[in-house]
Amino acid sequence: MASAPTPPTNPYRLLGGRIPYVEGPLKVTGRAEYTDDIQRPGLLVGRLLRSPWPHARLRSIDVAAARALPGVYAVLTGDRYPIPFGVLPITHDETAIAVDASRYIGDIIAAVAARDEPTAEAALALIRVDAEPLAEHADPRMGTSKVTDPIHAKGLAGTNIQKEVVQHFGDVDAAFARARFTARVRGTFAGVTHAFTEPMATIAEATPDGRLTVWSATQVPHYLHRTLSEVLGIPMHRIRVIKPEVGGGFGGKSDPLPHEIVCAALAIETGRPVKILFDREEVFYTNHGRHPTQNEVRVAADAEGNLLAYDIEALIDGGAWSSFGTVTTYYNGVLAMGPYRVPNFRYKGRRVYTTKPPSGAMRAHGGTNIRYSIEVALDRIAEESGIDPFDLRERNALAPNSTTVNRFEITSTSFLECLSAVRKASDWDRKFRQLPYGRGIGLGCGFYISGSNSPIHFTPKMPQSTVHLKVDMDGGIAVHSMQADIGQGSNTLLAAIVAEVLGVDLERVHVQRVDSDVSPVDLGSYSSRVTFMMGNAARSAAEQLKGELITAAAGLLGTPPEEVMVGHECFETRGPPPASVPFLEVLHRAMEAKGALTASGSYQTRPKGGTFKGAKAGTAPAYSFAAYVAEVSVDVETGEYRVRKVWAGFDCGRPLNRLAVEGQIEGSIHMGLGQVMGESMNYRGSRLFNPSLLEYKIPMPQQMPEVEILLVGKDDPEGPFGAKEAGEGPLIATLPAVGNALYDAVGVRFTDLPITPDKVLRGIDRRVAERRAWKGA
Amino acid sequence: MHLDPFELHRPRSVEEAVRLASELSGQCDYLAGGTDLLPNYKMHLNLRPHLIALEDIPELRGHSFERLGAMERLADLEGDPAFRAAYPGIQDAVGEVATPLVRASGTVGGNLLVETRCFFFNQSFFWRASLGFCLKADGDRCHVVPQKERCYATFSGDLAPSLLVLDADVEVAGPSGRRRLPLSGLYDAAGDGIRRTRLAPGELLVAVHLPPSARGQRAGYKKLRVRPSFDFPELGVAVAGRWDGTRVESLRIAVGGVETYPRRFDALTDPLAGAPLSEEALGRVASEVMRGVRPVHNTFLLPDYRRRVVEVYVRRAVREAREGSAA
């Protein structure tokens, strides 16, 4: 997988290079400690009784026989901890265990702690549930009007609508009236799930000192911390949350999850440590993946191809709970606001509860499905107007330092550079519409938030990220922060930033395990915020230490501090005469007056966005941009196809760790291809038919195309060392690039994802039946 | 998900294994590679309290051009270049089974007798309980074709079609001794997804025997599935034939992955012998094979689509075999 070499202009010693993960040796030798690896004396096994009904009123639950079974330490039902919670403070509609009703097949209705797994399962089998079936709600369309047995009392006026968003900027109808070209695309998107490697796992232990410790595979230790406190009624300072290594999350471990609370509750009930480890089927039921969605996009352009308006509707299948759904509902609209100028914009989005496993945040949350439909619509406008798809997008690209119609502030953008880089590298101008029938090339673009300006927080004035540093006489630098490395490399970046600022080798810097007792709050790994926000906080903390060290070095060198520079493991002065002192010597001098040096750095975004309802949704301190080209070959007799190559033009500002950025882009392309080619949560009614990694079709390595990564970003003014996000934005453009390439290959618009071979064949049949020739076929 | 305890028996001979099975009648399964059986056990699918492991029986191992031991690992066949050269069709099929890791454990006999599959069957106990179970395990009705008599689970082995077209025999040992029967006779055309073979209770597959005519045929196997590894077949087409110049001497086609048992289409291919095979005739045969199979909706891809690909794969497999170099 090729990548442009590090530019020679890189002013940094470590950053901008290729930095292997600091925890890599532990992970590849099996020594890294994940939650399931943690041993505690007297550990009990927690297991969950799950609802076999899509929707049922729970009249009574008889746990007497389960409690009486030898080896059973506790049996819990929903009435014990009924306080509702949810990741968004405005939509607390979940409970740790179902209280009055179960709302999907797999919903938790009781929990057991026992000496081992067979005993726990035997106990579950002894629990008698008297349940009365309620109306099943599988189809979100039916949930938009009044229903029998709504899933939540909070649904809009007796319907299952969880959230409705209506926005209108400018005058869309007038824009369509004067448009020369219009296109309409109706997209259907199956739900997809994160399918991270490590299943959910939690260990909890309540100790006689009145404290509770929870180890959990989580992306957001802080929200888990808060939620445990709210639901269990224990002050936060008596709860300690520890995040061991986490084997992937992609958004699926960002909500505080019911089993984490249940595990803590079982530990409190039994006085013994309890572990809950999910099997893969439970991971599928817990879901919180990308929402099954139907959308309709109308695009208007003038005769020159200038975009005049978008008119968008989205119907979003939320599953049983709200989760991040209010954000999802906004994002399906506002994440259409880039990377092009759209002067008139109308959006109606509805997220509807259904009796299915809850949907939530998944990598490129809210931006993926709507982007597919928009980019396909733009391809149609290009075709109708005879304007090349690249030219169309160039003409409409948002300029640096511009503002969108809904008041997003676009500061740095290298979108045009992304376009020109992939146009050239892919040899687009010689391939587009010129490859033989069955071969095709397509363009898809995207943008994404680099952190959210309005996160879930105690108060909006608190910093989003805080990083603490401590250096003692051994010369090792301990770094504390609640940022959550879930495999994306944030620990490595944290260490590298500190080492860069202080001029020391990476091995001096030790990033500490996340532990709420000692780690200052960072809001964790979601919304592509970590590099940007933690990076700025880390830089600020390291700059403070550097200041102290420079003062000490100046004393040793006998020069004014302004003339001291950071060298490699030393501090220097140009002189004359030039001189240098080793890092340790400087450190020890600095410690003379005060002992260990400490510093605390933090980062908070500046207020952004308008004042209308929902104005904060999608506001970010910076945005990433992408332009991807995909080339495909289709077996026109069977509909099977291969994505041969993807050219990925990406603007993440300055890539700070090229190795990690390339890994994120390759992984994003793989995940995006999954949603295009075969991944889907296959429901019949509300029943999930493929809760296994055998039947949930993640692409195999053989399906991975060659990837050429073109990092063309320029320094972002606010990002740490000029960086922006690279964790989610790289996914979005993959899908429409493939969809548009399939059109170029066989002349059929595919708008029902995943695009499985049977759909390709049906599409070709339809085209042939319509006697529409394509590339001579 | 955990494996319930079972008693493991490790017989040292075929006779001892068969005797054990007869003593434990109805309470045991034979354990070959375990790559399919043990995951099914984790899902509590037709659990038996006794497992008779076959790996300590020397007679079941080994392979030659004439004989494949039932316990020979698929990876052992893959790793033998001379075998690969002699039997390109078998080789194609072996290489398409699951993943290298599964092939390192999975066996010839295990693949021939692999449990039939269905969306309603290959699910956890919880999943099946929530629906009310099915004919094939713990229940009394079929959810694929709603009725209470016949199970429509799909035969999902890759090896069987490629051996069927070579006229392979199987050697079987049972309480009343040994017998040999054509592989085509092993699969019970009158049975269903539950009664899928003609093996008597306690009978054990010992070996596959390949006739001298099997060698040197032009042969191949084409497998339809969503992903190029890991997945079970949604369709498997095997062909083997001999040509004298353009004239067909013999041609066999077998199809698996679309019904409850794999089968050959001799009535369609026998008349082709003795004459060149025109594209039109090939197209007719391919269409007839397609019309002859009746997949149901119990796997990932839709049945109409799988049928349609039957026609394409038959055409391609025959063409590729004809144009491929003779072994």
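**View 1. Tyr628(A) and its contacts in the predicted model**. Setting aside neighbours within four places in sequence, Tyr628(A) touches a run of residues that includes Val646(A), Trp647(A), Ala648(A) and Gly649(A).

**View 2. The largest nonpolar core**. Here we step back to the 329 residues of this core, where Tyr628(A) is among those with the most contacts inside it, together with Val262(A), Val498(A), Leu742(A) and Val239(B). Helix α14 of chain A (residues 530-557) gives the core its largest share, 15 residues. In chain B, domain 1 (59-212) and domain 2 (217-322) both contribute residues, so the core lies between them.

**View 3. Helices α13 and α14 of chain A**. Two packed helices are described by the angle between their axes and the distance between the axes. For α13(A) (residues 490-502) and α14(A), the axes come within 9 Å and cross at roughly 30°. Because of that angle, α13(A) counts as roughly parallel to α14(A). The crossing is right-handed. On the α13(A) side, look for Leu494(A), Ile497(A), Val498(A) and Val501(A), among others; the α14(A) residues they meet include Met534(A), Ala538(A), Ala542(A) and Leu545(A).

**View 4. Where chain B touches chain A**. Chain B brings 19 residues to the contact and chain A brings 20 residues. On the chain B side, α8 (125-131) and α13 (303-323) each supply at least two residues. The largest share of that side, 4 residues, comes from α13(B).

Conventions. Residues are numbered from 1 along each chain as its sequence is written. Chains are lettered from A and ligands numbered from 1 in the order in which they are written. This is a predicted model: local features need pLDDT of at least 70, side-chain atom pairs count only at pLDDT 80 or more; totals for chains, interfaces and linings use all residues. A nonpolar core is a set of buried Ala, Val, Leu, Ile, Met, Phe, Trp, Tyr and Cys residues joined through C-beta atoms within 7 Å. A residue is buried if 20 or more other C-beta atoms lie within 10 Å of its own, exposed if 12 or fewer, and partly exposed in between; C-beta atoms are placed from the backbone. Domain bounds come from an automatic or database domain assignment. Two residues are in contact if their C-beta atoms, placed from the backbone, lie within 7 Å. Axes are lines fitted to C-alpha atoms, for helices over the stretch in contact, and angles run from 0 to 180 degrees between N-to-C directions. Angles under 35 degrees count as roughly parallel, over 145 as roughly antiparallel, 65 to 115 as roughly perpendicular and the rest as oblique. A crossing is left-handed if the near helix is turned anticlockwise from the far one by less than a right angle, and right-handed if clockwise.
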